[in-house]
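Subject: Structure for your review

Dear colleague,

Please find below the structure that I am handing over to you. My findings follow it, arranged by topic.

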Amino acid sequence: RELLDAIRAGGPVHMTGSFTELVQPDPESDPVRGRTLSVDVHGRPDAFTASVAAGDLALSLLVADGTTRVRGNAAYAASLGAPELADAVTCTIGEDPALERWSPMLSPVELVRAVLASAELGVAPPAGESDTLEVVVGTEGSPLGVLTVERFGPPLPRTFTAADVTGDGSFTFAEWGTAPDLDAAAAALPCP
């Protein structure tokens, strides 16, 4: 709870990272690396810019002032069954269904909540004069990942790396309290 409260109170943040899924083509084969999902999100839950890439699919979006603006490439439009939307900006009052599709990857607090849900946590003693602490996610004998947080002040995340049977991912959190340029993002994604 303390980590999630710190993230909520931390204001805007710039989160970048990726997750690569593990797939098992058939029950007799070993799992292999599948599609990689990469995100670049800057802002807070009600006002942010983001770009998402998954395989050949890519989209940019802006959430601000109660609207959502989305522009995706041809692969994204095809995944929606609407090829006419390729490289077109769609504007929606409220949350576009596209946001749910990429949840929790577009929200630092939801991503951390999903990772920490029902997981055991342990905090490693600080190494020397380090200004960070490592929060080990999972049991000591079977760790799933490490969330590096600020040692002094609120425990704001800096990095998160994890791996389990579904895949592996790595994320960085930077520029806490620095808002994105929403006007520039709106100019790049003009509503028709």
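Which side chain meets that of Arg33 in a salt bridge? The partner is Asp168, and the N to O distance is 2.6 Å. Arg33 belongs to strand β2 and Asp168 to strand β11, so this pair ties together parts that are 135 residues apart in sequence. Arg33 counts as exposed because its relative accessibility is 53%, whereas Asp168, at 25%, counts as partly exposed. Please keep in mind throughout that this is a predicted model.

Other salt bridges

The structure holds 6 salt bridges. Besides the pair described above, I would draw your attention to the following.

Arg113 and Glu110 are joined through their side chains in a salt bridge, at 3.1 Å from N to O. Both residues are found in helix α4, which spans residues 108–116, and they are 3 residues apart, about one turn of the helix. Arg113 is partly exposed, with a relative accessibility of 34%; Glu110 is also partly exposed, at 31%.

A further salt bridge links Glu150 with Arg158, whose closest N and O atoms are 2.8 Å apart. Through salt bridges with shared partners, Asp131, Glu150 and Arg158 form one network. Glu150 counts as partly exposed at 22% relative accessibility, and Arg158 counts as partly exposed at 27%.

Strand pairing

Strand β1, made up of residues 13–23, pairs with β2 in the antiparallel sense over 10 bridges. Within this pairing, His14 has His42 of β2 as its bridge partner. Strand β1 also pairs with β11, again in the antiparallel sense, over 8 bridges. Here Met15 stands opposite Phe173 of β11.

Leu37 is located in strand β2, which covers residues 32–44. Leu37 is buried, its relative accessible area being 14%. Its contacts, not counting residues up to four places away in sequence, are Gly17, Ser18, Phe19, Val52, Ala53, Ala54, Trp102 and Met105. Between Leu37 and Gly10 there are 25 Å in space, C-alpha to C-alpha, and the two are 27 residues apart in sequence.

Ser170 is located in strand β11, which covers residues 167–174. With a relative accessible area of 35%, Ser170 is partly exposed. Not counting residues up to four places away in sequence, Ser170 touches Thr16, Gly17, Ser18, Phe160 and Thr161. Ser170 and Val146 are 24 residues apart in sequence, and their C-alpha atoms are 9.7 Å apart.

Nonpolar cores

Which members of the largest nonpolar core touch the most other members? They are Phe48, Leu59, Leu61, Trp102, Leu106, Phe171 and Phe173, in a core of 39 residues. Apart from this core lies another one of 6 residues, including Leu62, Ala64, Ala186 and Leu189. Leu61 is in contact with Phe48, Thr49, Ala50, Arg69, Val70, Leu99, Leu106 and Leu189, leaving aside its neighbours within four places in sequence.

A buried arginine

Arg69, one of the contacts of Leu61, deserves a separate note. Arg69 is placed in strand β5, residues 67–72. Not counting residues up to four places away in sequence, Arg69 touches Ser60, Leu61, Leu62, Val89, Thr90, Cys91, Ala186, Leu189, Pro190 and Cys191. Among these contacts of Arg69 are Leu61, which belongs to the largest nonpolar core, and Leu62, Ala186 and Leu189, which belong to the core of 6 residues.

Yours sincerely

Definitions and conventions:
Residues numbered from 1 in each chain as written. Predicted model: local features only at pLDDT ≥ 70, side-chain atom pairs only at ≥ 80, totals over all residues. Heavy atoms only, no water. Helix = DSSP H or I, 4+ residues; strand = E, 2+ residues; numbered from the N terminus. Contact = heavy atoms within 4.5 Å. Buried < 20%, exposed > 50% of the residue type's maximum accessible area, 1.4 Å probe, protein only. Pairing = 2+ DSSP bridges. Core = buried A, V, L, I, M, F, W, Y, C linked by side-chain atoms within 4.5 Å. Salt bridge = Lys/Arg side-chain N within 4 Å of Asp/Glu carboxyl O.
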